[in-house]
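Hi,

Here is the structure I promised to pass on.

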Amino acid sequence: MTRRLSVLGSTGSIGRSTLDVVAHMGGSESCDIVALTGHDNIDLLAMQAKRHNARLAVTSNPRRYGELKAALAGSGIEVGAGPEALIEAASQPADIVMAGIVGIAGLAPTLAAASTGADIALANKECLVCAGNLFLVAIASGGGRLLPVDSEHNAIFQVLETDQRHAVERIILTASGGPFRTLSRSDMAGVTPKDAAAHPNWSMGLKISIDSASMFNKALEMIEAHYLFDMPPDAIEVIVHPQSIIHSMVGYSDGSVLAQLGAPDMRTAIGYALGYPRRLALPVERLDFAKLARLDFHAIDAERFPAIDLARRAMRHGHAQGAVLNGAKEAALDAFIAGRIGFLDMVDIVDQVMDHLTDFAEPPAIEAVFEADRAARDQAERLIAAL
Ligand SMILES: NC(=O)C1=CN([C@@H]2O[C@H](COP(=O)(O)OP(=O)(O)OC[C@H]3O[C@@H](n4cnc5c(N)ncnc54)[C@H](OP(=O)(O)O)[C@@H]3O)[C@@H](O)[C@H]2O)C=CC1
Ligand SMILES: CC(=O)[C@@H](O)[C@H](O)COP(=O)(O)O
Ligand SMILES: [Mn+2]
(Lines give C-alpha, C1' and ligand atoms only; values in the text may rest on other atoms or scores of the structure.)
(Ligands and ions follow the chains in the order given, each with its own letter.)
Protein backbone atom coordinates (compact mmCIF):
# COMPACT_ATOMS: atom_id res chain seq x y z
CA MET A 1 0.00 0.00 0.00
CA THR A 2 1.33 3.47 -0.88
CA ARG A 3 0.50 6.31 1.49
CA ARG A 4 1.18 10.03 1.09
CA LEU A 5 3.38 11.11 4.03
CA SER A 6 4.49 14.53 5.29
CA VAL A 7 7.16 14.79 7.98
CA LEU A 8 7.13 17.85 10.23
CA GLY A 9 10.60 18.11 11.74
CA SER A 10 12.23 15.75 9.23
CA THR A 11 15.74 16.93 10.18
CA GLY A 12 15.38 15.91 13.84
CA SER A 13 15.87 12.58 15.55
CA ILE A 14 12.25 11.46 14.97
CA GLY A 15 12.25 12.86 11.43
CA ARG A 16 15.45 11.07 10.46
CA SER A 17 14.22 7.77 11.92
CA THR A 18 10.92 8.22 10.06
CA LEU A 19 12.68 8.62 6.73
CA ASP A 20 14.85 5.62 7.57
CA VAL A 21 11.72 3.52 8.13
CA VAL A 22 10.35 4.77 4.80
CA ALA A 23 13.62 3.84 3.08
CA HIS A 24 13.38 0.31 4.50
CA MET A 25 9.76 -0.27 3.50
CA GLY A 26 9.49 -3.25 1.24
CA GLY A 27 6.96 -5.53 -0.40
CA SER A 28 3.70 -3.72 -0.99
CA GLU A 29 4.42 -0.95 1.57
CA SER A 30 5.71 2.44 0.44
CA CYS A 31 5.31 6.17 1.05
CA ASP A 32 5.15 9.11 -1.33
CA ILE A 33 6.71 12.07 0.44
CA VAL A 34 4.56 15.20 0.21
CA ALA A 35 6.24 17.78 2.48
CA LEU A 36 9.37 17.81 4.65
CA THR A 37 10.08 20.57 7.16
CA GLY A 38 13.10 21.62 9.19
CA HIS A 39 14.28 24.74 10.96
CA ASP A 40 18.05 25.36 10.86
CA ASN A 41 19.54 22.22 9.32
CA ILE A 42 19.15 23.35 5.72
CA ASP A 43 21.78 21.04 4.21
CA LEU A 44 20.07 17.96 5.62
CA LEU A 45 16.60 19.19 4.69
CA ALA A 46 17.65 19.72 1.06
CA MET A 47 19.38 16.35 0.95
CA GLN A 48 16.33 14.56 2.36
CA ALA A 49 13.99 16.34 -0.06
CA LYS A 50 16.08 15.25 -3.03
CA ARG A 51 16.65 11.70 -1.80
CA HIS A 52 12.94 11.13 -1.06
CA ASN A 53 11.67 13.08 -4.05
CA ALA A 54 9.55 15.35 -1.85
CA ARG A 55 7.08 17.69 -3.49
CA LEU A 56 7.72 20.50 -0.97
CA ALA A 57 10.52 21.44 1.46
CA VAL A 58 9.99 24.15 4.09
CA THR A 59 12.18 25.72 6.72
CA SER A 60 10.21 27.33 9.51
CA ASN A 61 13.07 29.81 9.93
CA PRO A 62 12.36 32.67 7.49
CA ARG A 63 16.02 33.75 7.56
CA ARG A 64 17.11 30.49 5.91
CA TYR A 65 14.89 30.80 2.81
CA GLY A 66 17.69 31.86 0.43
CA GLU A 67 19.89 28.95 1.47
CA LEU A 68 17.16 26.37 1.02
CA LYS A 69 16.12 27.85 -2.33
CA ALA A 70 19.71 27.73 -3.57
CA ALA A 71 20.21 24.18 -2.32
CA LEU A 72 17.12 22.96 -4.19
CA ALA A 73 17.51 25.08 -7.35
CA GLY A 74 16.77 23.04 -10.46
CA SER A 75 15.37 20.08 -8.47
CA GLY A 76 11.72 20.88 -9.19
CA ILE A 77 10.99 20.73 -5.43
CA GLU A 78 8.85 23.59 -4.16
CA VAL A 79 10.45 25.65 -1.38
CA GLY A 80 8.94 27.70 1.43
CA ALA A 81 10.04 29.45 4.63
CA GLY A 82 8.55 30.91 7.79
CA PRO A 83 5.67 30.02 10.10
CA GLU A 84 2.96 30.45 7.44
CA ALA A 85 4.79 28.22 4.98
CA LEU A 86 5.09 25.64 7.77
CA ILE A 87 1.31 25.67 8.28
CA GLU A 88 0.82 25.41 4.53
CA ALA A 89 3.17 22.42 4.37
CA ALA A 90 1.28 20.75 7.22
CA SER A 91 -2.03 21.41 5.44
CA GLN A 92 -1.07 19.71 2.17
CA PRO A 93 -3.28 16.72 1.36
CA ALA A 94 -1.60 13.65 2.86
CA ASP A 95 -2.73 10.31 4.26
CA ILE A 96 -0.46 10.56 7.30
CA VAL A 97 1.58 13.32 8.90
CA MET A 98 4.46 12.64 11.29
CA ALA A 99 4.47 15.31 14.03
CA GLY A 100 8.18 15.42 14.86
CA ILE A 101 8.79 19.10 15.69
CA VAL A 102 10.10 19.66 19.21
CA GLY A 103 8.18 21.74 21.76
CA ILE A 104 5.08 23.89 21.51
CA ALA A 105 6.38 25.03 18.10
CA GLY A 106 4.82 21.80 16.84
CA LEU A 107 1.30 22.64 18.01
CA ALA A 108 0.00 24.97 15.26
CA PRO A 109 1.28 22.89 12.31
CA THR A 110 0.04 19.63 13.86
CA LEU A 111 -3.40 21.13 14.48
CA ALA A 112 -3.40 22.31 10.85
CA ALA A 113 -2.54 18.79 9.70
CA ALA A 114 -5.25 17.30 11.93
CA SER A 115 -7.90 19.54 10.42
CA THR A 116 -7.18 18.14 6.93
CA GLY A 117 -8.32 14.69 8.08
CA ALA A 118 -4.87 13.13 7.72
CA ASP A 119 -3.86 10.48 10.25
CA ILE A 120 -1.48 12.05 12.78
CA ALA A 121 1.54 10.03 13.89
CA LEU A 122 2.19 11.92 17.12
CA ALA A 123 5.74 12.08 18.44
CA ASN A 124 5.43 15.69 19.63
CA LYS A 125 4.10 15.29 23.17
CA GLU A 126 3.58 19.01 23.72
CA CYS A 127 0.43 19.04 21.51
CA LEU A 128 -1.47 17.00 24.09
CA VAL A 129 0.29 18.46 27.12
CA CYS A 130 -0.51 22.07 26.15
CA ALA A 131 -3.79 21.70 24.29
CA GLY A 132 -5.16 18.27 25.27
CA ASN A 133 -8.92 18.63 24.79
CA LEU A 134 -8.58 21.12 21.95
CA PHE A 135 -6.22 18.80 20.13
CA LEU A 136 -8.50 15.77 20.56
CA VAL A 137 -11.45 17.77 19.23
CA ALA A 138 -9.38 18.83 16.20
CA ILE A 139 -8.50 15.19 15.47
CA ALA A 140 -12.13 14.10 15.87
CA SER A 141 -13.49 16.83 13.64
CA GLY A 142 -10.78 16.26 11.01
CA GLY A 143 -11.68 12.57 10.97
CA GLY A 144 -8.14 11.17 10.86
CA ARG A 145 -6.68 8.71 13.36
CA LEU A 146 -4.37 9.67 16.21
CA LEU A 147 -1.46 7.22 16.22
CA PRO A 148 0.84 7.60 19.24
CA VAL A 149 4.57 7.47 18.46
CA ASP A 150 6.10 8.37 21.84
CA SER A 151 7.47 4.93 22.77
CA GLU A 152 5.46 4.56 26.01
CA HIS A 153 2.19 5.64 24.41
CA ASN A 154 2.84 3.55 21.35
CA ALA A 155 3.39 0.58 23.68
CA ILE A 156 0.10 1.24 25.47
CA PHE A 157 -1.66 1.67 22.11
CA GLN A 158 -0.32 -1.74 21.09
CA VAL A 159 -1.62 -3.54 24.20
CA LEU A 160 -4.81 -1.62 24.90
CA GLU A 161 -7.60 -3.94 23.78
CA THR A 162 -10.25 -1.59 22.42
CA ASP A 163 -13.16 -3.86 23.38
CA GLN A 164 -11.77 -4.21 26.93
CA ARG A 165 -11.38 -0.49 27.66
CA HIS A 166 -13.96 -0.76 30.48
CA ALA A 167 -11.64 -3.26 32.26
CA VAL A 168 -8.51 -1.06 32.20
CA GLU A 169 -7.55 -0.19 35.78
CA ARG A 170 -4.23 1.55 35.28
CA ILE A 171 -1.49 2.31 32.88
CA ILE A 172 2.11 1.97 33.95
CA LEU A 173 4.64 4.20 32.21
CA THR A 174 8.20 2.98 32.38
CA ALA A 175 10.99 5.52 32.96
CA SER A 176 14.65 4.75 32.36
CA GLY A 177 15.66 7.11 35.19
CA GLY A 178 17.97 8.92 32.80
CA PRO A 179 21.67 9.57 33.39
CA PHE A 180 21.08 10.70 37.00
CA ARG A 181 18.98 7.73 38.12
CA THR A 182 21.26 7.02 41.07
CA LEU A 183 22.70 10.51 41.65
CA SER A 184 22.00 12.30 44.94
CA ARG A 185 20.11 15.58 44.82
CA SER A 186 23.19 17.48 45.97
CA ASP A 187 25.27 15.98 43.15
CA MET A 188 22.55 16.90 40.62
CA ALA A 189 23.08 20.57 41.51
CA GLY A 190 26.41 20.67 39.68
CA VAL A 191 25.66 18.73 36.48
CA THR A 192 26.19 20.32 33.05
CA PRO A 193 23.88 20.25 30.00
CA LYS A 194 26.32 17.79 28.41
CA ASP A 195 26.03 15.43 31.42
CA ALA A 196 22.26 15.74 31.34
CA ALA A 197 22.01 15.02 27.60
CA ALA A 198 23.86 11.70 27.92
CA HIS A 199 20.85 9.37 27.93
CA PRO A 200 21.81 5.81 28.91
CA ASN A 201 19.59 4.00 26.38
CA TRP A 202 18.02 6.23 23.73
CA SER A 203 19.55 8.41 21.04
CA MET A 204 17.28 11.48 20.86
CA GLY A 205 17.26 15.25 20.38
CA LEU A 206 18.96 17.49 22.95
CA LYS A 207 15.85 18.81 24.68
CA ILE A 208 14.03 15.52 25.25
CA SER A 209 17.31 13.97 26.42
CA ILE A 210 17.74 16.64 29.12
CA ASP A 211 14.03 16.31 29.98
CA SER A 212 14.64 12.61 30.59
CA ALA A 213 17.39 13.50 33.05
CA SER A 214 15.10 15.83 35.05
CA MET A 215 12.11 13.46 34.57
CA PHE A 216 10.20 16.33 32.97
CA ASN A 217 9.96 13.98 29.99
CA LYS A 218 8.03 11.52 32.15
CA ALA A 219 5.95 14.37 33.57
CA LEU A 220 4.95 15.40 30.03
CA GLU A 221 4.25 11.77 29.18
CA MET A 222 1.88 11.38 32.16
CA ILE A 223 -0.17 14.34 30.92
CA GLU A 224 0.05 13.02 27.36
CA ALA A 225 -1.31 9.64 28.53
CA HIS A 226 -4.06 11.33 30.57
CA TYR A 227 -5.54 12.86 27.40
CA LEU A 228 -4.63 10.17 24.91
CA PHE A 229 -6.13 7.27 26.87
CA ASP A 230 -8.70 9.24 28.88
CA MET A 231 -7.22 8.03 32.19
CA PRO A 232 -7.60 9.82 35.55
CA PRO A 233 -4.34 11.06 37.14
CA ASP A 234 -4.41 8.41 39.88
CA ALA A 235 -4.59 5.58 37.33
CA ILE A 236 -1.34 6.66 35.71
CA GLU A 237 1.65 5.09 37.42
CA VAL A 238 5.35 5.55 36.73
CA ILE A 239 7.97 2.88 37.45
CA VAL A 240 11.71 3.19 36.94
CA HIS A 241 12.95 0.48 34.58
CA PRO A 242 16.62 1.18 33.80
CA GLN A 243 16.93 -1.11 30.74
CA SER A 244 14.18 0.57 28.63
CA ILE A 245 13.06 -2.81 27.27
CA ILE A 246 9.47 -2.73 28.52
CA HIS A 247 8.12 0.43 26.93
CA SER A 248 4.96 0.56 29.08
CA MET A 249 2.13 -1.59 30.43
CA VAL A 250 -1.62 -1.74 30.89
CA GLY A 251 -3.20 -3.29 33.99
CA TYR A 252 -6.65 -4.90 33.71
CA SER A 253 -9.39 -5.67 36.25
CA ASP A 254 -8.55 -9.40 36.33
CA GLY A 255 -4.99 -8.68 37.48
CA SER A 256 -3.46 -9.21 34.03
CA VAL A 257 -0.76 -6.79 32.96
CA LEU A 258 0.02 -6.51 29.24
CA ALA A 259 3.35 -5.05 28.20
CA GLN A 260 5.08 -4.19 24.93
CA LEU A 261 8.80 -4.95 24.78
CA GLY A 262 11.48 -4.17 22.24
CA ALA A 263 14.96 -2.77 21.79
CA PRO A 264 15.19 0.98 22.53
CA ASP A 265 14.87 2.04 18.89
CA MET A 266 12.19 4.52 17.86
CA ARG A 267 11.85 2.91 14.44
CA THR A 268 9.60 0.24 15.96
CA ALA A 269 7.08 2.79 17.25
CA ILE A 270 7.37 4.92 14.11
CA GLY A 271 6.93 1.87 11.88
CA TYR A 272 3.90 0.75 13.90
CA ALA A 273 2.25 4.13 13.28
CA LEU A 274 3.20 4.33 9.59
CA GLY A 275 2.02 0.80 8.84
CA TYR A 276 -1.00 0.69 11.16
CA PRO A 277 -2.92 -1.59 11.34
CA ARG A 278 -0.38 -3.76 9.51
CA ARG A 279 3.10 -4.44 10.89
CA LEU A 280 6.13 -3.56 8.78
CA ALA A 281 9.32 -5.63 8.49
CA LEU A 282 12.00 -3.47 10.16
CA PRO A 283 15.77 -3.87 10.57
CA VAL A 284 15.77 -3.23 14.33
CA GLU A 285 17.66 -5.33 16.87
CA ARG A 286 15.76 -8.42 18.07
CA LEU A 287 15.68 -8.98 21.84
CA ASP A 288 17.86 -11.82 23.07
CA PHE A 289 16.35 -12.69 26.46
CA ALA A 290 19.21 -14.94 27.49
CA LYS A 291 21.60 -12.01 27.04
CA LEU A 292 19.26 -9.59 28.77
CA ALA A 293 19.03 -12.02 31.73
CA ARG A 294 17.08 -9.59 33.92
CA LEU A 295 14.79 -6.61 33.92
CA ASP A 296 14.85 -4.27 36.92
CA PHE A 297 12.19 -2.03 38.44
CA HIS A 298 12.34 0.65 41.16
CA ALA A 299 9.87 3.10 42.66
CA ILE A 300 10.35 6.75 41.68
CA ASP A 301 12.12 8.88 44.26
CA ALA A 302 9.82 11.90 44.35
CA GLU A 303 12.31 13.98 46.34
CA ARG A 304 15.01 13.68 43.69
CA PHE A 305 12.56 13.87 40.79
CA PRO A 306 9.82 16.34 41.81
CA ALA A 307 8.69 16.83 38.18
CA ILE A 308 6.46 13.76 38.56
CA ASP A 309 4.38 15.47 41.27
CA LEU A 310 4.15 18.62 39.16
CA ALA A 311 2.54 16.55 36.40
CA ARG A 312 -0.05 15.19 38.85
CA ARG A 313 -0.78 18.75 40.00
CA ALA A 314 -1.21 19.91 36.40
CA MET A 315 -3.57 17.02 35.55
CA ARG A 316 -5.69 17.57 38.67
CA HIS A 317 -5.91 21.30 38.01
CA GLY A 318 -6.79 20.77 34.34
CA HIS A 319 -7.65 23.73 32.09
CA ALA A 320 -4.44 25.29 30.73
CA GLN A 321 -2.13 24.04 33.47
CA GLY A 322 -0.35 21.68 31.07
CA ALA A 323 0.54 24.68 28.90
CA VAL A 324 1.72 26.56 32.01
CA LEU A 325 3.92 23.63 33.10
CA ASN A 326 5.33 23.18 29.61
CA GLY A 327 5.90 26.90 28.92
CA ALA A 328 7.80 27.34 32.16
CA LYS A 329 9.71 24.12 31.51
CA GLU A 330 10.72 25.17 27.97
CA ALA A 331 11.95 28.56 29.25
CA ALA A 332 13.87 26.96 32.13
CA LEU A 333 15.33 24.28 29.84
CA ASP A 334 16.57 26.91 27.37
CA ALA A 335 18.13 28.81 30.30
CA PHE A 336 19.83 25.64 31.57
CA ILE A 337 21.20 24.83 28.10
CA ALA A 338 22.48 28.42 27.84
CA GLY A 339 24.28 28.04 31.18
CA ARG A 340 22.14 30.69 32.87
CA ILE A 341 20.71 28.43 35.60
CA GLY A 342 21.55 25.14 37.26
CA PHE A 343 19.90 21.75 36.69
CA LEU A 344 17.81 21.83 39.89
CA ASP A 345 16.67 25.39 39.24
CA MET A 346 14.55 24.10 36.35
CA VAL A 347 12.08 22.21 38.51
CA ASP A 348 11.99 24.98 41.15
CA ILE A 349 11.10 27.52 38.49
CA VAL A 350 8.31 25.39 37.03
CA ASP A 351 6.94 24.76 40.52
CA GLN A 352 6.84 28.48 41.31
CA VAL A 353 5.29 29.42 37.97
CA MET A 354 2.57 26.80 38.44
CA ASP A 355 1.85 28.16 41.92
CA HIS A 356 1.55 31.67 40.54
CA LEU A 357 -0.50 31.05 37.37
CA THR A 358 -3.65 29.17 38.32
CA ASP A 359 -6.45 31.21 36.76
CA PHE A 360 -6.47 30.17 33.12
CA ALA A 361 -9.72 28.61 31.88
CA GLU A 362 -9.95 25.58 29.60
CA PRO A 363 -8.56 26.95 26.30
CA PRO A 364 -11.37 27.34 23.75
CA ALA A 365 -8.87 27.99 20.93
CA ILE A 366 -5.17 27.83 20.20
CA GLU A 367 -4.71 31.55 21.04
CA ALA A 368 -5.65 30.82 24.66
CA VAL A 369 -3.01 28.07 24.79
CA PHE A 370 -0.40 30.50 23.51
CA GLU A 371 -1.54 33.08 26.08
CA ALA A 372 -0.94 30.62 28.94
CA ASP A 373 2.36 29.56 27.38
CA ARG A 374 3.49 33.20 27.05
CA ALA A 375 2.50 34.06 30.63
CA ALA A 376 4.40 31.01 31.93
CA ARG A 377 7.51 31.89 29.94
CA ASP A 378 7.39 35.53 31.10
CA GLN A 379 7.01 34.48 34.72
CA ALA A 380 9.81 31.91 34.36
CA GLU A 381 12.06 34.56 32.78
CA ARG A 382 11.48 36.87 35.76
CA LEU A 383 12.50 34.08 38.14
CA ILE A 384 15.54 33.20 36.03
CA ALA A 385 16.66 36.83 35.93
CA ALA A 386 16.34 37.06 39.71
CA LEU A 387 18.55 34.02 40.39
N1 LIG B 1 13.76 11.66 19.68
C2 LIG B 1 13.00 10.72 20.17
O3 LIG B 1 13.40 9.54 20.20
C4 LIG B 1 11.65 11.03 20.71
C5 LIG B 1 11.08 12.28 20.56
N6 LIG B 1 9.81 12.53 21.02
C7 LIG B 1 9.25 13.86 20.84
O8 LIG B 1 9.29 14.18 19.44
C9 LIG B 1 9.56 15.56 19.26
C10 LIG B 1 10.83 15.72 18.44
O11 LIG B 1 11.92 15.25 19.19
P12 LIG B 1 13.36 15.06 18.55
O13 LIG B 1 13.23 14.48 17.19
O14 LIG B 1 14.18 14.35 19.56
O15 LIG B 1 13.87 16.56 18.45
P16 LIG B 1 15.09 17.15 17.60
O17 LIG B 1 15.60 18.31 18.33
O18 LIG B 1 16.03 16.07 17.22
O19 LIG B 1 14.37 17.64 16.26
C20 LIG B 1 13.45 18.69 16.29
C21 LIG B 1 12.91 19.01 14.91
O22 LIG B 1 12.12 20.19 15.00
C23 LIG B 1 12.69 21.23 14.18
N24 LIG B 1 12.51 22.50 14.88
C25 LIG B 1 13.26 23.00 15.90
N26 LIG B 1 12.77 24.20 16.29
C27 LIG B 1 11.70 24.44 15.51
C28 LIG B 1 10.78 25.54 15.42
N29 LIG B 1 10.87 26.61 16.23
N30 LIG B 1 9.80 25.48 14.50
C31 LIG B 1 9.69 24.41 13.67
N32 LIG B 1 10.53 23.36 13.70
C33 LIG B 1 11.52 23.37 14.62
C34 LIG B 1 14.14 20.86 14.01
O35 LIG B 1 14.70 21.47 12.86
P36 LIG B 1 16.32 21.66 12.65
O37 LIG B 1 16.95 20.44 13.23
O38 LIG B 1 16.44 21.74 11.16
O39 LIG B 1 16.71 22.92 13.33
C40 LIG B 1 14.00 19.34 13.89
O41 LIG B 1 13.55 18.99 12.61
C42 LIG B 1 9.65 16.16 20.68
O43 LIG B 1 8.40 16.66 21.05
C44 LIG B 1 10.02 14.96 21.54
O45 LIG B 1 9.60 15.12 22.87
C46 LIG B 1 9.06 11.57 21.62
C47 LIG B 1 9.58 10.33 21.82
C48 LIG B 1 10.90 9.95 21.39
C1 LIG C 1 12.05 7.10 23.27
C2 LIG C 1 11.07 7.81 24.10
O3 LIG C 1 9.89 7.63 23.97
C4 LIG C 1 11.57 8.74 25.12
O5 LIG C 1 10.53 9.57 25.59
C6 LIG C 1 12.12 7.88 26.22
O7 LIG C 1 11.04 7.33 26.88
C8 LIG C 1 12.99 8.64 27.12
O9 LIG C 1 13.30 7.82 28.20
P10 LIG C 1 13.04 8.22 29.73
O11 LIG C 1 12.36 9.54 29.78
O12 LIG C 1 12.22 7.11 30.27
O13 LIG C 1 14.43 8.28 30.27
MN1 LIG D 1 8.79 8.54 25.57
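Let me start with the largest nonpolar core, which has 119 residues; Val97, Ile120, Ala121, Ala328 and Ala332 are the members that touch the most others in it. By nonpolar core I mean a set of buried Ala, Val, Leu, Ile, Met, Phe, Trp, Tyr and Cys residues joined through C-beta atoms within 7 Å. Buried stands for 20 or more other C-beta atoms within 10 Å of a residue's own, exposed for 12 or fewer, and partly exposed for anything in between, with C-beta atoms placed from the backbone.

Before going on, a word on the ground rules. This is a predicted model, where local features need pLDDT of at least 70 and side-chain atom pairs count only at pLDDT 80 or more, while totals for chains, interfaces and linings use all residues. Residues are numbered from 1 along each chain as its sequence is written, and chains are lettered from A and ligands numbered from 1 in the order in which they are written.

Leaving out residues up to four places away in sequence, Ile120 touches Val97, Ala99, Thr110, Ala113, Ala114, Ile139, Gly144, Leu146 and Leu147; a contact here is two C-beta atoms, placed from the backbone, within 7 Å.

Helix α4 covers residues 83–91, and its buried residues are Ala85, Leu86, Ala89 and Ala90. Viewed down the helix axis, these fall within an arc of 140 degrees, so they line one face of α4. (The arc is that of the directions from the helix axis to the C-beta atoms; helices are DSSP runs of H or I with at least four residues, strands are runs of E with at least two, and both are numbered from the N terminus.) What do they pack against? The partners are β1 (2–8), β2 (30–38), β3 (56–59), β4 (78–81), β5 (96–99) and α5 (107–115).

Now the ligands. Ligand 1 has 28 residues around it, and Gly12, Gly38, His39, Asn41 and Gly205 are the closest. A residue is counted as near a ligand if its C-beta atom, placed from the backbone, lies within 6 Å of it. Both α1 (13–23) and α10 supply at least two residues of this shell. By class, the shell around ligand 1 divides into 10 nonpolar, 13 polar and 5 charged residues. In that count Ala, Val, Leu, Ile, Met, Phe, Trp, Tyr, Cys and Pro are nonpolar, Asp, Glu, Lys and Arg are charged, and the others, Gly among them, are polar.

Around ligand 2 you'll find Asp150, Ser151, Glu152, Ala175, Ser176, Gly178, Trp202, Ile208, Ser212, Asn217, Lys218 and Met266. The elements giving two or more residues to that shell are α7 (151–159), α10 (206–214) and α11 (216–228). Its make-up is 4 nonpolar, 5 polar and 3 charged residues.

- "1-deoxy-D-xylulose 5-phosphate reductoisomerase N-terminal" is listed by UniProt at residues 5–132; the span is 41% helix and 23% strand, with its end C-alpha atoms 24 Å apart.
- "1-deoxy-D-xylulose 5-phosphate reductoisomerase C-terminal" is placed by UniProt at residues 146–229; the span is 46% helix and 13% strand, and its end C-alpha atoms lie 11 Å apart.
- "DXP reductoisomerase C-terminal" covers residues 261–378 in the UniProt annotation; this stretch is 58% helix and 1% strand, with 41 Å between its end C-alpha atoms.

A few backbone details to finish. Most residues other than glycine have a negative phi, and most peptide bonds are trans. The bond from Tyr276 to Pro277 is cis, with omega near 5 degrees, and Pro277 sits in the loop between α12 (266–275) and α13 (289–292). Asn53 is not a glycine but has a positive phi of about 55 degrees; it is in the loop between α2 (42–51) and β3, and counts as exposed because it has 11 other C-beta atoms within 10 Å. Ser244, also not a glycine, has a positive phi of about 50 degrees. Its loop runs between β9 (236–240) and β10 (246–252), and with 20 C-beta neighbours inside 10 Å, Ser244 counts as buried.

Cheers

Technical notes: UniProt positions are given in the numbering used here, feature names are shortened, and annotations may be inferred rather than shown by experiment. The arc is that of the directions from the helix axis to the C-beta atoms.
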